[in-house]
Amino acid sequence: MPRNLQPCVYILASKRNGTLYIGVTSDLLARIHQHRGGTFEGFSKQHHTKVLVWFEQHATMKAAITREKRLKKWNREWKMRLIEEANPGWRDLAEELGFETL
């Protein structure tokens, strides 16, 4: 059965108040699997950002990319507030999507 792809912007963290990574994807489950498995090269792999602390779905990939670019320009305080408002306990949201606890 084909997967229902949904453009998403997401934030991964190395730990609570740790290093943040902002990304965009059309398949959040596959992308989280890549990050956790260490197969997604670059900043995220180098800084061990594997905890999904925030994500937002969009109707189109264009809208998701626009949002990602805006968030990347935000200062850290604003990014932290965005996470805290939606996920004050910094739960690993990937667990709610069926991933094992890190």
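**Starting from Leu-97**

Guide: Leaving out residues up to four places away in sequence, Leu-97 touches Leu-28, Leu-29 and Leu-52, where contact means heavy atoms within 4.5 Å. This is a predicted model, in which local features need pLDDT of at least 70 and side-chain atom pairs count only at pLDDT 80 or more, while totals for chains, interfaces and linings use all residues. Residues are numbered from 1 along each chain as its sequence is written, and side-chain values use heavy atoms, with hydrogens and water left out.

Visitor: And where does Leu-97 lie?

Guide: Leu-97 is in the segment after helix 5 (93–96), with helices (H or I, at least four residues) and strands (E, at least two) taken as DSSP runs numbered from the N terminus.

Visitor: What does Leu-97 count as in terms of relative accessibility?

Guide: Leu-97 counts as partly exposed because its relative accessibility is 33%; buried means under 20% relative accessible area, exposed over 50%, and partly exposed in between (1.4 Å probe, protein chains only).

Visitor: OK, zooming out, how many helices and strands are there?

Guide: The protein chain has five helices and three strands, and their pattern along the sequence reads β-β-α-α-β-α-α-α. The radius of gyration is 13 Å, close to the 13 Å that the globule rule gives for 102 residues, so the chain is as compact as a globular protein of that length; the radius is taken over C-alpha atoms, and the rule is 2.2 Å times the number of residues to the power 0.38.

Visitor: Which residues of the largest nonpolar core touch the most other members?

Guide: In that core of 15 residues they are Val-9, Ile-11, Leu-20, Val-53, Trp-54, Ile-83 and Trp-90. At least two core residues come from each of strand 1 (8–13), strand 2 (20–25), strand 3 (51–57), helix 3 (61–73) and helix 4 (76–86). A nonpolar core here is a set of buried Ala, Val, Leu, Ile, Met, Phe, Trp, Tyr and Cys residues joined through side-chain atoms within 4.5 Å.

Visitor: What is Trp-54 in contact with?

Guide: Setting aside neighbours within four places in sequence, Trp-54 is in contact with Val-9, Tyr-10, Ile-11, Arg-67, Leu-71, Leu-82, Ile-83, Ala-86 and Leu-93.

Visitor: What share of the 102 residues is buried?

Guide: Buried residues account for 41% of the 102 residues in the protein chain.
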